[in-house]
Amino acid sequence: MRITSVRKLAPVVFMLSMILVPAMTFASDVGAPGALRNGALDLTYVGHLEKKDDDGRLLVWEGSVGGDFAGTIRWWFADQASTKFVGGQVFYYRARWEIRVGEELVLAGESAGKTVTLDGLDGMWDGHGVVTEAYGKFAKFEGYKVYETGPVIQGSNPPASFTGTGMFQVY
């Protein structure tokens, strides 16, 4: 009796599996942005220079970005705050970032994140954001998400000696 039930269900299960295969294949393509772009960062703290943009944001970090972008990158901080805890501090930011190749703006966007530092030690920074402007070969990335991360190295005379390395990713 049991073998008869399985024989009757086998064609139904087979047909359902064949119907679902195309749907599963196409589902992997829906909503996927396609290409992922990465850039290695080499940054210098410049907030102590008190340079501001037309919207009053403070230029805090600038440096080079390599990989898929190969240009310069800058973070203009709109807001900063911090919270102390026993043994360290967390610095929060909201910023506009820009990537330029030569003098040409190719990508820009908004991001927010934090840097966590333990007393007397280097910190670790990470943030998330979105591409709000994209030009030339990067035009298709407008609206894509951004992840940024890396260590913040204190140097011998903080904050003027802060440097950083890391990764900038558009996905």
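Colleague: Where is L121 found?

Modeller: L121 sits in the loop between strand 5 (104-118) and strand 6 (123-134); strands are DSSP E runs of at least two residues, numbered from the N terminus. This is a predicted model, where local features need pLDDT of at least 70, side-chain atom pairs count only at pLDDT 80 or more, and totals for chains, interfaces and linings use all residues. Residues are numbered from 1 along each chain as its sequence is written, and side-chain values use heavy atoms, with hydrogens and water left out.

Colleague: Which residues make the nonpolar surface patch?

Modeller: F85, L118 and L121, over about 270 Å².

Colleague: New topic. How much space lies in the largest cavity?

Modeller: About 60 Å³, the space filled by probe spheres set on grid points joined across faces, edges and corners. A cavity is a set of points on a 1 Å grid where a 1.4 Å probe fits but cannot get out, and lining residues have an atom within 4 Å of a point.

Colleague: What lines the largest cavity?

Modeller: L43, W61, W75, F77, Y93, W125, V152 and G164.

Colleague: And what is the volume of the largest pocket?

Modeller: About 420 Å³; a pocket is an open set with protein on both sides within 12 Å along at least five of seven lines. Of its 26 lining residues, F91, T115, T117, V152 and F162 are the closest to the centre.

Methods:
Patches are made of residues with over 30% relative accessible area and no salt bridge: like charges are joined within 9 Å, nonpolar side chains (Val, Leu, Ile, Met, Phe, Trp, Tyr) within 5 Å. Accessible areas come from the Shrake-Rupley method with a 1.4 Å probe; for residues, only the protein chains shown count as cover. A salt bridge is a side-chain nitrogen of Lys or Arg within 4 Å of a carboxyl oxygen of Asp or Glu. Helices (H or I, at least four residues) and strands (E, at least two) are DSSP runs, numbered from the N terminus.
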